[in-house]
Structure formats: structure tokens, C-alpha cells
Number of protein chains: 2
Amino acid sequence: MDRSLRMTEPSRNRVGTTEKSFTILELLQREDGAGVTEVATALGMSKSTVHSHLTTLVECGYVTHHDTQYHVSTKLLRLGGRLRDQSPLYQAARIEMKSLAAETDGVVRLYLEEEDDATMIAQEGYSPGIQERHLGERTPLTESIAGPVMLAERERSGDEGTGDDSTTVEDATGDDDSAADREALDIDDDVRDRFDRIRRRGYAVETGPEGSDRTFAGALSRRDGTVMGALTVTVPGETGDPLSAGDRLLEAVERVELSLTSWYDSHATFSPKHSWHVHSN
Amino acid sequence: MDRSLRMTEPSRNRVGTTEKSFTILELLQREDGAGVTEVATALGMSKSTVHSHLTTLVECGYVTHHDTQYHVSTKLLRLGGRLRDQSPLYQAARIEMKSLAAETDGVVRLYLEEEDDATMIAQEGYSPGIQERHLGERTPLTESIAGPVMLAERERSGDEGTGDDSTTVEDATGDDDSAADREALDIDDDVRDRFDRIRRRGYAVETGPEGSDRTFAGALSRRDGTVMGALTVTVPGETGDPLSAGDRLLEAVERVELSLTSWYDSHATFSPKHSWHVHSN
DNA sequence: CGATCCGTTCCGTATAGCTGAACACCTTCG
DNA sequence: CGAAGGTGTTCAGCTATACGGAACGGATCG
């Protein structure tokens with residue numbers, strides 16, 4: 001309509017070469033390995049260019065070069081793993097994740113909140129029937145139970161939250177509580193009711209298709225109210241009574257939050273450099 | 001000494017820009033976040049250059065930009081996670097990892113063999129006292145029990161293995177079986193004896209410092225003898241009798257290998273494109 | 001033995017990344 | 001209050017450098 005759209009972002013950003021390398025890397029990831037010409041034709045680049053980028057990536061250790069195929073190496077996993085292991089949220093949660101998974105015999109997952117998205121950064125336990133979730137998978141806060149729990153918890157301590165989430169409730173219309181196509185006004189009330197329920201109970205429940213499994217989710221927040229992430233436990237079908245799983249989750253959440261705040265109290269003396277994702281203001 | 005050394009590798013490789021970007025990324029990873037000038041002074045680059053690279057990395061989603069600090073994002077974890085989840089070794093092992101961890105109440109780890117290194121790609125269970133291992137951590141095959149197990153298994157099916165490992169036994173002198181400072185000749189015999197023991201028993205045992213914990217390791221290989229990785233279970237101090245953990249590991253190894261070969265039988269019909277790390281010859 | 005694939009190398013060229021200086025902004029300190 | 005020093009950001013020019021096309025080895029297939 002108006003001329004506010006500039007196609008392909010004229011990109012006064014710089015460094016298109018790096019962007020190109022990452023595009024190649026992501027293609028290798030998607031295609032699960034590829035050859036030079038395959039990449040060149042797929043991305044519309046010349047073979048020599050692709051070759052240069054690939055050899056560079058190999059020398060940097062991010063790509064392996066067996067025979068005629070290039071694959072992404074495990075270096076990405078290592079970097080991402082170190083990032084995860086350093087995060088205080090993971091440090092505080094892993095013991096509880098283990099015991100929670102053992103006692104409920106379910107799948108426990110840890111989500112990290114970043115910029116209106118929830119990222120799964122750790123998983124403990126495994127059951128073939130449970131819905132698959134990939135490590136590092138990033139979903140909007142309005143989807144898949146772990147997000148709404150964080151949104152509901154955000155509202156509790158005022159609306160300032162991160163600062164730009166004055167429309168948190170309205171944004172959450174995308175939840176799939178089998179009520180995807182109601183009228184907008186009803187949805188707002190419905191979502192608000194749901195959030196109230198979550199806040200009152202401390203956790204949220206989501207039943208899988210045909211009651212195959214149940215997922216309990218609780219938000220992990222610091223003492224000052226800032227939401228850091230969420231803890232989730234999914235129990236298959238008719239294992240034990242589901243209520244105890246919810247109570248057990250609450251215990252775990254409290255213990256993780258306790259460990260988290262104590263971590264911050266000990267490490268925040270002279271906050272080292274960036275106080276770990278705490279958007280200070 | 002001789003002129004075979006060319007300083008800094010004149011690099012007829014190409015694409016130094018990409019190399020620069022990755023250097024910045026790795027610095028951000030190590031320093032756990034940094035600012036523009038911090039990176040510039042650390043790497044000896046101008047501020048504007050660093051700024052360009054950082055904005056590009058942010059736009060690509062690999063770096064987040066809060067306040068004045070740049071951090072690596074979870075995108076690396078996502079890419080690495082997908083790489084892991086796609087690997088048949090992980091697919092075949094995760095069920096057994098879960099049950100093995102539950103039954104032994106120990107920490108189960110899965111290692112992937114790649115180019116004379118062992119990379120830890122998955123972990124199930126957690127215990128605070130157990131030796132830390134980071135996701136994606138890459139150690140030489142001569143270290144830390146998981147490697148030697150694979151080396152011993154390699155020898156079984158002839159020496160051709162990957163092709164360039166004619167010195168596998170001699171390279172394994174770095175094992176820490178509390179005999180780090182013996183004479184070279186003895187070590188060779190010692191290592192050979194150790195390999196024989198491993199092959200006879202099917203798994204290897206490593207006792208932690210002061211008997212704090214025990215680690216059992218077994219190699220995972222295909223039916224044709226090619227070693228794919230290793231499975232490891234670490235049990236704390238005096239939990240149960242250690243022998244049953246070893247036996248339980250053997251069961252798990254067999255089941256994983258079974259699942260692995262069946263996977264290859266079903267997917268290798270018209271080998272899709274690269275037959276997944278099987279160095280075909 | 002051509003015919004086709006593949007990956008790799010080479011080189012000229014113009015593009016695009018690098019630099020240093022100037023800018024805006026914020027604390028802090030004199 | 002206004003220098004002083006610390007950020008991150010922008011701009012314009014120069015030159016290094018990434019790009020592309022063509023030519024080169026090496027397989028594999030008919």
C-alpha cells in the first residue's frame with residue numbers, strides 16, 4: 001500500500017559474506033549434508049564461491065568434508081551446549097529435573113524465555129509416545145503451554161515486564177484449548193479466565209490428543225517477579241494419578257526458584273557484566 | 001627449523017570475512033557476552049568492523065543485542081540439536097539411555113565417534129557428584145574411557161578401520177589407569193592387555209578418584225564392525241553392586257546395536273546420499 | 001572412448017569489507 | 001556545570017578481497 005516497504009531490506013547492515021556462509025551452513029543442516037554444486041544451484045551461487053565458503057567452514061571446524069559430501073559438524077552442538085551449561089537457569093534446574101523425571105516417570109523439559117519466545121534448552125527422560133520436542137526448539141509464547149504459563153506469570157507483577165508487552169493477553173489468542181474459532185471478545189475473556197486459573201493454581205495443564213498424555217507446566221521466575229523460563233513435565237496416558245504430578249511439579253518449581261535466587265544473590269555482588277538476561281533498567 | 005612453516009597459513013582458502021565472524025562468535029561464547037570495543041580490542045580489529053559483523057550476526061539470529069552487550073543466542077543450540085536428533089545413533093539409543101539411567105540410577109552418556117575423537121552428544125540422568133561433561137564436548141580417543149573402548153573395538157575387525165589408524169594401540173598410552181608414569185615398553189603391553197580385557201568382557205570400567213564413582217563404557221558398532229560410538233553409564237559410589245550395572249550396560253549396548261542395524265537395513269535401501277558417517281570405500 | 005557428472009583451481013575485475021575519524025549518548029569527575 | 005572518558009553508531013574513501021566464469025583433473029556411465 002504505502003511505500004514503507006523496501007524489498008529485501010537494502011541492508012545497510014554490512015558483511016553479506018558472513019550472511020552467505022550462514023545460509024550455506026543452514027542449508028547443510030536442512031538437507032543433512034550436500035555437495036558443492038548442490039549448494040550452488042540451491043542458493044543461486046557459483047560453484048567456486050560455494051567452494052570457498054565450504055573450505056573456510058571446514059577449516060573453522062563447523063563443517064566436515066567426507067568424500068564428496070559436506071556436513072555440519074558437532075561444533076555447533078558444543079558451542080550451544082556450553083551456552084546452555086553456563087546459564088544459571090540450567091544450573092539451578094538440572095537436579096530437580098532429574099528427580100522430577102524419576103519420580104513421575106515422565107519427560108521433563110526446561111524452557112528459556114527470550115524475546116517473546118520460549119526455547120527448550122534441556123530435556124530429562126524419554127518416552128516414545130510423547131510428543132517430540134527438539135533441543136533448542138523455539139516457539140512463540142502463545143503456543144504450546146509453556147509459553148502461556150510464562151505470560152500469565154508476567155502479568156502478576158505489573159504490566160511493565162520487559163517493557164514492550166502491553167498486549168500480552170491479546171496476543172495469546174493463539175492458544176489451542178479447542179477454542180480456536182470463537183469471537184474476539186469471548187476469547188479475551190476466555191484467555192483471561194485461563195490466566196487467572198493458572199495463577200491461582202500455580203501451574204497449567206494441557207491434555208494431548210485423545211488424552212494420550214498430560215503436560216504440566218509452571219513458570220520459573222525470580223523473586224522480583226521477572227520470568228526466566230518454565231519447567232514442564234509430561235506424563236504418559238494413565239500413569240499414576242495426574243494430580244500428584246502437578247503437585248510434584250510445584251515442589252520442583254519452588255526449589256528451582258530458590259536455587260535460582262540464591263545463585264543471583266551470590267553472583268550478583270558487583271554484577272559481573274550483564275547480570276544474565278535480567279533486563280536491568 | 002626448516003622452512004616448512006609458513007606463519008599464519010597464507011590461507012589460499014578464501015573468505016577471511018567468515019572466519020572473522022566466527023572468531024567473534026567464539027569470543028562471545030567464551031567471554032559469555034561482550035561489547036563492541038571489548039571485542040575489537042581483544043581481536044585487534046577496528047570498532048566499525050566489529051560492529052558490522054555483530055549487526056550481521058544479530059540479523060542472522062545467532063547473536064542477541066541487549067543493552068550494550070552482545071550474546072550468542074540459542075540458535076546454535078537449535079542447529080546442533082537438530083543435527084543430533086537426526087543422527088541414527090541417537091535415534092537408536094535414546095530409549096535405552098532412559099531405561100538404563102532409570103534402572104542403574106546413574107548418568108548415561110552417548111558418544112559419537114568422529115575422526116579419532118569422541119564427542120558426547122547426549123546425556124540422560126544427573127547427579128551432582130558425578131564428573132561434569134558438557135554437551136558436544138570432544139575428547140581424543142585416547143582419553144576418558146569412552147575412547148579406548150572404541151579403539152579396542154576397532155581392532156577386532158582388522159586394522160583397516162577408517163584407514164589411517166595403524167597406530168591405534170600405541171596412541172592409547174594416554175589412558176589414566178593410575179599408571180601414567182611407567183616405561184614405554186611396559187605401557188604397550190599394558191595397553192594391549194587392557195584392550196584384550198575390554199574385548200573379552202565387552203565393556204570397560206573406570207574408577208573415579210578415590211573410588212567416588214565408577215564408569216562403565218561399551219562400544220556401539222554396526223554389524224560389519226565399524227564403530228559408531230560408545231555408551232557410558234556412571235554410577236555414584238556405592239549404589240547397588242557395580243557388576244549388575246556392567247551387565248545392564250551390555251544389554252543396552254546390544255539392544256542399541258540391534259536397533260541401529262535395523263535402522264540401516266530400512267534406510268540403506270538405495271543409500272540416500274551419504275549413508276551417515278559410514279566411510280564407504 | 002567420448003559424454004557427463006563431480007569437485008577443484010586459476011585470474012581479472014568490481015564489489016564490498018575494512019579503516020579511521022567524526023558523531024551521539026551516557027557516566028563520572030573536577 | 002562542563003570537560004573528560006567511556007560507550008555504541010555512522011559515514012566516506014580506499015584497497016583488499018570475495019565473486020564468477022572458464023578451464024582443469026577425476027571419476028562414472030553408456
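Which polar side-chain atom lies 3.3 Å from a phosphate oxygen of DNA strand D? In this predicted model, the atom belongs to Ser46(A).

**DNA strand D**

DNA strand D is surrounded by 18 residues, and Ser48(A), Thr49(A), His53(A), His51(B) and Tyr70(B) are the closest. Of the atoms of DNA strand D that come within 4 Å of the protein, 74% are accounted for by sugar and phosphate. Chain B also reaches the phosphates of DNA strand D: a polar backbone atom of Thr37(B) is 3.0 Å from a phosphate oxygen, and an N or O atom in the side chain of Thr68(B) is 3.4 Å from a phosphate oxygen.

At least two residues of the surface near DNA strand D come from each of these elements: α1 and α3 (47-60) of chain A, and α1 (16-31), α2 (36-43) and α3 (47-60) of chain B. By residue class, the surface near DNA strand D has 3 nonpolar, 13 polar and 2 charged residues.

**DNA strand C**

Around DNA strand C there are 20 residues, of which Gly16(A), Val36(A), Tyr70(A), Ser48(B) and Thr49(B) come nearest. Sugar or phosphate makes up 64% of the atoms of DNA strand C within 4 Å of the protein, and bases make up the rest.

| Side chain | Distance to a phosphate oxygen of DNA strand C |
|---|---|
| His65(A) | 3.0 Å |
| Thr68(A) | 3.5 Å |
| Lys20(B) | 3.4 Å |

Two or more residues of the surface near DNA strand C are given by each of α1, α2 (36-43) and α3 of chain A, and by α1 and α3 of chain B. The residues of this surface divide into 3 nonpolar, 13 polar and 4 charged.

**Helix α1 of chain A**

Helix α1 of chain A, residues 16-31, is among the elements that supply the surface near DNA strand D and the surface near DNA strand C. Its 16 residues span 22 Å from the first C-alpha to the last, close to the 22 Å expected at 1.5 Å a residue.

Which residues of α1(A) are buried? They are Thr18(A), Ser21(A), Phe22(A), Ile24(A), Leu25(A), Leu27(A), Leu28(A) and Gln29(A).

How values were computed:
Residues are numbered from 1 along each chain as its sequence is written. Chains are lettered from A and ligands numbered from 1 in the order in which they are written. This is a predicted model: local features need pLDDT of at least 70, side-chain atom pairs count only at pLDDT 80 or more; totals for chains, interfaces and linings use all residues. Side-chain values use heavy atoms; hydrogens and water are left out. Helices (H or I, at least four residues) and strands (E, at least two) are DSSP runs, numbered from the N terminus. The expected span of a helix is 1.5 Å times one less than its number of residues. Buried means under 20% relative accessible area, exposed over 50%, partly exposed in between (1.4 Å probe, protein chains only). A residue is near a molecule or strand if one of its heavy atoms lies within 4 Å of it. A polar contact is a pair of N or O atoms within 3.5 Å; within protein, one must be able to donate a hydrogen and the other to accept it, and residues adjacent in sequence count only if both atoms are side-chain atoms. Ala, Val, Leu, Ile, Met, Phe, Trp, Tyr, Cys and Pro count as nonpolar, Asp, Glu, Lys and Arg as charged, and the others, Gly among them, as polar.
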